[in-house]
Amino acid sequence: MKSSKRTQVWFFVLLMAVSVLLIGYWTNNAAAAEPKKDEGKKDEGKKIYESRCIICHGDKGDGKGLVDVVHRNEKKGMVWNVFPRDFTSGVFKFRSTPTGCLPTDEDLKRVITSGIPRAYMPSSADLPDESVKAVIKYIKTFSNRWKDEEACKPIPVKKAQYVGSADSVKKGEQLWDKMKCWECHGKEGKGDGPKSDSLKDDWGDKVLPFDFTSGATKMGFAPENVYVAYTTGLDGTGMPSFQDSLSEDDRWNLVSYTLKLMGRLQ
Ligand code: HEC
Ligand code: HEC
């Protein structure tokens with residue numbers, strides 16, 4: 001289930017290789033990528049995309065960038081689990097909006113500026129705001145969903161006072177059982193439930209349920225990140241939305257229990 005030490009070492013080697021490639025890209029494109037004032041946002045976005053994102057997400061936005069060599073290595077017995085997102089499907093995991101909806105620009109901005117450390121996507125925190133907006137505009141050209149649909153309204157997130165209390169942890173544990181989180185995430189939250197070996201995402205790649213004993217989620221460490229994950233669901237991964245099946249209180253109680261699994265409560 002968990003990546004072995006050897007896999008981690010290989011990941012590191014891969015990361016170094018990617019960095020070298022990226023530096024190559026940047027130094028090659030840096031001069032050319034300097035946006036001229038009279039060029040539109042889409043052009044600027046395209047240039048940023050080509051210098052920073054194309055290596056993973058591919059020139060067609062289908063997730064088949066150079067880093068796709070990684071999947072070939074998988075066939076030689078090494079599992080990398082680097083699956084850059086295919087933007088052509090218009091399906092996004094990390095949203096503040098209900099399941100089935102497009103993310104907001106704010107959601108995309110957060111992913112781009114913070115990166116997704118757990119998935120080996122680097123942070124672009126150094127990009128000025130205008131450039132982030134431009135690259136967001138550009139990645140929206142890969143799927144017609146952006147032309148046909150509006151983003152939905154974000155789900156309000158207001159952390160309850162009692163999160164982390166003994167009583168709330170207890171209620172959360174019962175919900176973990178009742179809602180069958182364990183089927184995927186395991187009884188102790190180690191990502192090793194009975195269904196965990198057979199999960200594939202919408203893009204046909206193997207996907208592992210989060211191991212709560214392994215640190216931060218893909219979205220971060222905060223109780224709010226956990227709350228959002230199972231309220232909105234991670235579209236495309238089989239990780240369901242519990243917005244309709246659990247009350248707001250129940251969802252915060254479940255957060256309490258997951259904080260315990262994550263070792264973040266005394
Ligand atoms: C080293 C590879 C790599 C680079 C470079 C990279 N990404 Fe990613 N990106 C990923 C991976 C891997 C994922 C999928 C993460 C997952 O699904 O857990 C991803 C996912 C995403 C997502 C989807 C988030 C969601 O909610 O589902 C967006 C948006 C994104 N990347 C934008 C960008 C942009 C814009 C750039 C360039 C500024 C970029 N990425 C550069 C690897 C990369
Ligand atoms: C059908 C299987 C399945 C069930 C049931 C399920 N999950 Fe998940 N969950 C997943 C998968 C798969 C991922 C990882 C997705 C990824 O990394 O892209 C995940 C990821 C998560 C994450 C991490 C999000 C992040 O940002 O990395 C949290 C938190 C989570 N699940 C909570 C829950 C809770 C709480 C329940 C029960 C109420 C639950 N899950 C039920 C499959 C499931």
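Reader: Helices here are DSSP runs of at least four residues, and strands are runs of at least two, numbered from the N terminus. How many helices and how many strands are in the protein chain?
Author: The model is predicted. From the N terminus on, the elements run α-α-α-α-α-α-α-α-α-α-α. The count for the protein chain is 11 helices and 0 strands.

Reader: What percentage of the residues in the protein chain is buried?
Author: A residue is buried if 20 or more other C-beta atoms lie within 10 Å of its own. The protein chain has 266 residues, and the buried part makes up 30%.

Reader: Among contacts between residues at least 6 apart in sequence, what percentage joins residues at least 24 apart?
Author: Contact needs C-beta atoms within 7 Å. Of the protein chain's contacts between residues at least 6 apart, the part joining residues at least 24 apart is 63%.

Reader: Which residues does valine 135 contact, leaving aside its neighbours within four places in sequence?
Author: With its neighbours within four places left aside, valine 135 is in contact with Gly45, Ile48, Tyr49 and Ile112.

Reader: Is arginine 52 buried or exposed?
Author: Arginine 52 is found in helix 2 (residues 41-52). Its C-alpha is 9.9 Å from that of valine 135, at 83 residues apart in sequence. The cut-off for burial is 20 or more other C-beta atoms within 10 Å. Arginine 52 has 21 within that distance, so it is buried.

Reader: Most residues other than glycine have a negative phi. What is the phi of tyrosine 120?
Author: Tyrosine 120 is found in the loop between helix 5 and helix 6. With 19 C-beta neighbours inside 10 Å, it counts as partly exposed. Although tyrosine 120 is not a glycine, its phi is positive, at about 65°.

Reader: And what is the phi of lysine 180?
Author: Lysine 180 is found in the loop between helix 8 and helix 9. It counts as partly exposed, with 13 C-beta neighbours inside 10 Å. Lysine 180 is not a glycine, yet its phi is positive, at about 60°.

Reader: How many nonpolar residues are in the shell around ligand 1?
Author: Ligand 1 is surrounded by 27 residues, the closest being Cys53, Cys56, Phe94, Ala119 and Met121. Helix 3, helix 5 and helix 6 each supply at least two residues of this shell. Its classes are 2 polar, 4 charged and, for nonpolar, 21.

Reader: Which helix gives the largest share of the shell around ligand 2?
Author: This shell has 26 residues, and the closest are Cys181, Cys184, Thr217, Lys218 and Met239. Helix 9 (181-185), helix 10 (223-232) and helix 11 (248-261) give two or more residues to it. By class, the shell has 16 nonpolar, 5 polar and 5 charged residues. The largest share, 4 residues, comes from helix 9.

How values were computed: Residues are numbered from 1 along each chain as its sequence is written. Chains are lettered from A and ligands numbered from 1 in the order in which they are written. This is a predicted model: local features need pLDDT of at least 70, side-chain atom pairs count only at pLDDT 80 or more; totals for chains, interfaces and linings use all residues. A residue is near a molecule or strand if its C-beta atom, placed from the backbone, lies within 6 Å of it. Ala, Val, Leu, Ile, Met, Phe, Trp, Tyr, Cys and Pro count as nonpolar, Asp, Glu, Lys and Arg as charged, and the others, Gly among them, as polar. A residue is buried if 20 or more other C-beta atoms lie within 10 Å of its own, exposed if 12 or fewer, and partly exposed in between; C-beta atoms are placed from the backbone. Two residues are in contact if their C-beta atoms, placed from the backbone, lie within 7 Å.
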